[in-house]
Amino acid sequence: MARRNQALSNQALSELAAATAAIGADEDLIQGAGGNTSLKIAGTLWVKASGAWMRDALVSDMFVPTPLAQMREAALYGDQSELDRLARSCVSPNGARPSIEACLHAIMPHPVVVHAHAVNATVCAVLSDGRARFEQAMDEAGIAGQFASYVKPGVALAGEVVRLMSEHGRADAILLQNHGIVIGAASAAAAVELLMRVEAALGFAARPTSANEDRPTGTHESEAYEAAPEHGFAACDAFLHAALTRAPLTPDQVVFLGGAPGSIMPGERCDEAAARARDLTGLTPVLLYSRQHGAFRRRQLTPGEAAMSRALAAIARRIPEGAPVVGLSQAAAHELANWDAEKYRRDLDGVRA
């Protein structure tokens, strides 16, 4: 019996690894080190390591075992110090830490949980009417879904999901405002299938590309910043420029892009605009937008920065024209930027480069 149980556990972990790699290979579903997956087996929560790239799940030992009951109890009581202690005690032999979101995975009742930064879900999550859009789409698709207002990732987010489920019942898809989507299912394959159903149900149409949408930017490059043509359409569009430079949209945008793109004022150089943004927010932006000259990005991006830059462009293409966009507050962004758990992910990204 013990051998059979071990074989079933190994098979389930292999299926999780395959599903994780498949999701991670699609930048419309996940970008860089973002997102996480987990599996509950016989009292153990196997969760993706913090800072690991999901696409590497078949070639890297990235699932960290954590004690499910203890993780769940600490999450239910909102005990951050106990969660931190558990995370330190669960470091794997290769030095990997459990994901920041391990406690969220623990309190979800499903055997398999997937947290993704899928593009359509993220677009819905940053719109002021995102809750109504999501609830209608899930109702029409026959999916049990709930919408969670933004709170800091980790124990606070786990607590919000506990509150939602206690008040409204179990959900198989939870849209996290300004963050992403959480999927719960009985198996890894079922979780991937449900994630794709949610994305299809939301289905924001991408703006068509135009050969003439990118303004010439070469003469405005600097020693620190180069042209970012994939963002030119957003930089030069009045609505998108205003929406995207006002505030960062997601936690990973804060962590890997230094917050919202900085807005270059007429007559201002890239370095001056970056310094002004840093003075205002305490963060140095990876991206800069000019209405007249297009978009710029910092030279020599890390892999995580490059992936998140592409993701922001994909999100921008799907924001409906004129739809009010809600970003993170300056206080929330500052809290994320100075959180040790997020500094750890940035450090790993620097090593990956």
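Q300 sits in the loop between β11 (294–298) and α13 (303–318). Helices here are DSSP runs of H or I with at least four residues, strands are runs of E with at least two, and both are numbered from the N terminus. The model is predicted: local features need pLDDT of at least 70, side-chain atom pairs count only at pLDDT 80 or more, and totals for chains, interfaces and linings use all residues. Residues are numbered from 1 along each chain as its sequence is written, and side-chain values use heavy atoms, leaving out hydrogens and water.

Q300 has a phi near 55°, a positive value in a residue other than glycine. Its relative accessible area is 77%, so Q300 is exposed (exposed is over 50%, buried under 20%, partly exposed in between, with a 1.4 Å probe and protein chains only).

Now take A42. This residue lies in the loop between β1 (36–41) and β2 (44–48). Phi of A42 is near 45°, again positive in a residue other than glycine. A42 is exposed, with a relative accessible area of 81%.

H231 also belongs to a loop, the one between β8 (225–227) and α9 (232–236). H231 is buried, because its relative accessible area is 0%.
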